[in-house]
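Here is a friendly note to read alongside the model. Please keep the viewer open and follow the points in order.

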Amino acid sequence: MKFKINNKYVHWGLTAFVVIAASITFYYLIFHGSNIRNGIKVTMGILMPVVFGLVTAYLLTPILNFMEKRVLIPVCDKFQVKNTPRRKKIIRGIGIMITAFLFVASIYVLISMLVSQIVPSVEGIVANFDSYADNVATWMNQVLEDNPQFGSYISKTLDKVSDQLEDWLNHLIPGTASLIKALSLSFINVVDVLWDFVIGFIISIYVLASKERFAGQTKKVVYALFEKNTANGIIRNFRFTHRTFIGFLSGKIVDSIIIGLLCFIGTTIMQTPYTMLISLIIGVTNIIPFFGPFLGAIPSTILIFVVDPMHPLNCVYFALFALALQQFDGNILGPKILGSSTGLSGFWVIFSITFFGGLFGVVGMIVGVPIFAVFYAAVRSLVNTMLENKKLPSESVQYENVDYIDETGFHETNMEPKPSGKKQKQKDTRKKDGK
């Protein structure tokens, strides 16, 4: 007896299974979400070296591609080396070695710069802390002498703060053991992260060696799971995501390096104290879009004021310089380097930084803009496709003054003010008279 399968019942069965599975998943997310989060946290902790490796390989891929296409392949062609699989392996191996060397060398240069330039600056701040405190105290005494009423208010506030500080220290001393334990755990966590980073760097070399194979396997799975048009759209969207991320991150890093160098030149000309430390703060915080320059300028201005509070104009000059640098970066340098890599307006940039920064901290503030740019582009593409299916234009400008749309086309809102009472009566009278 031949067994026949009714496709209609199979479809119903799969639909029922998906609905039941989704209901169970939703139930566990609502009532057992902590267990799921703990499981995800443990899994991510185990796979963290792999994550570091994939991220490192992704960031190093443009460098490897540049070395192969612009340096190694032209050299092989110049010496007429035959294009064989062995040649490809040799080019890939040499390219990975050069890329890894540049990556390690850049980290070494950064650390050496921090040790040689930033550490002495920090040591100088610590060594001269007493004199800086005396300068601030002298400035405060002068301000209090010139403003007696303000001085009495400050005295009361300082008494209250000193009492609260004394209470806080009394509660802190018994918890010294727990504080030492927390610091020890933090040190262990830092060591674990460094170890995961080293293992991830080794994994990234293997990923770079077979990146075409991994890309081909991923595309094969996509074409196996989806229809051809859907798979083509998925791959096209992944390429757009890649261009957005690489274009934004690489451009922002170059932009921040230039801003840091300009800040170093400007602070050196103005003879600002701790020029290297301030330039590093400005350059690093500039990676964060929009808010970064302000986040770097505020502590730098405070540091300049603490060093010499009797000359507050130095702070004013630096603040004006930082503002001019931010305007130059936002209006001239940034658009030249980044171009239209995100396609977002100023409002959506601030929204993405605020939202993702609240979720993931500093990392979210850095990658929030390209992530939201991809989401924004996906929604825009979906909306434009739906409008095209309805034979409507996709330009937003054409909808600004639209009142309603019917079969005859667009009808704009009447922006002219309605006539007053006398003018309206005159128009009605003229209509009756046939004028």
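Which residues of α10 are buried?

1. The buried residues of α10 are Gly 292, Pro 293, Gly 296, Ala 297, Ser 300, Thr 301, Leu 303, Ile 304 and Val 307. Seen down the helix axis, they fall within an arc of 160 degrees, so they line one face of α10. On the other side, Ile 298 and Ile 302 are exposed. Buried means under 20% relative accessible area, exposed over 50%, partly exposed in between (1.4 Å probe, protein chains only). The arc is taken from the directions from the helix axis to the C-beta atoms.

2. A word on the source: this is a predicted model, where local features need pLDDT of at least 70 and side-chain atom pairs count only at pLDDT 80 or more, while totals for chains, interfaces and linings use all residues. Residues are numbered from 1 along each chain as its sequence is written, and side-chain values use heavy atoms, leaving out hydrogens and water.

3. Now look at the largest nonpolar core, which has 18 residues. Such a core is a set of buried Ala, Val, Leu, Ile, Met, Phe, Trp, Tyr and Cys residues joined through side-chain atoms within 4.5 Å. Cys 263, Tyr 274, Ile 278, Ile 282, Leu 303 and Leu 325 touch the most other members. The largest share, 6 residues, comes from α11.

4. Finally, find Ser 352 in helix α12 (residues 346-389); helices are DSSP runs (H or I, at least four residues), numbered from the N terminus. Ser 352 is buried, with a relative accessible area of 0%.

Definitions and conventions: Helices (H or I, at least four residues) and strands (E, at least two) are DSSP runs, numbered from the N terminus.
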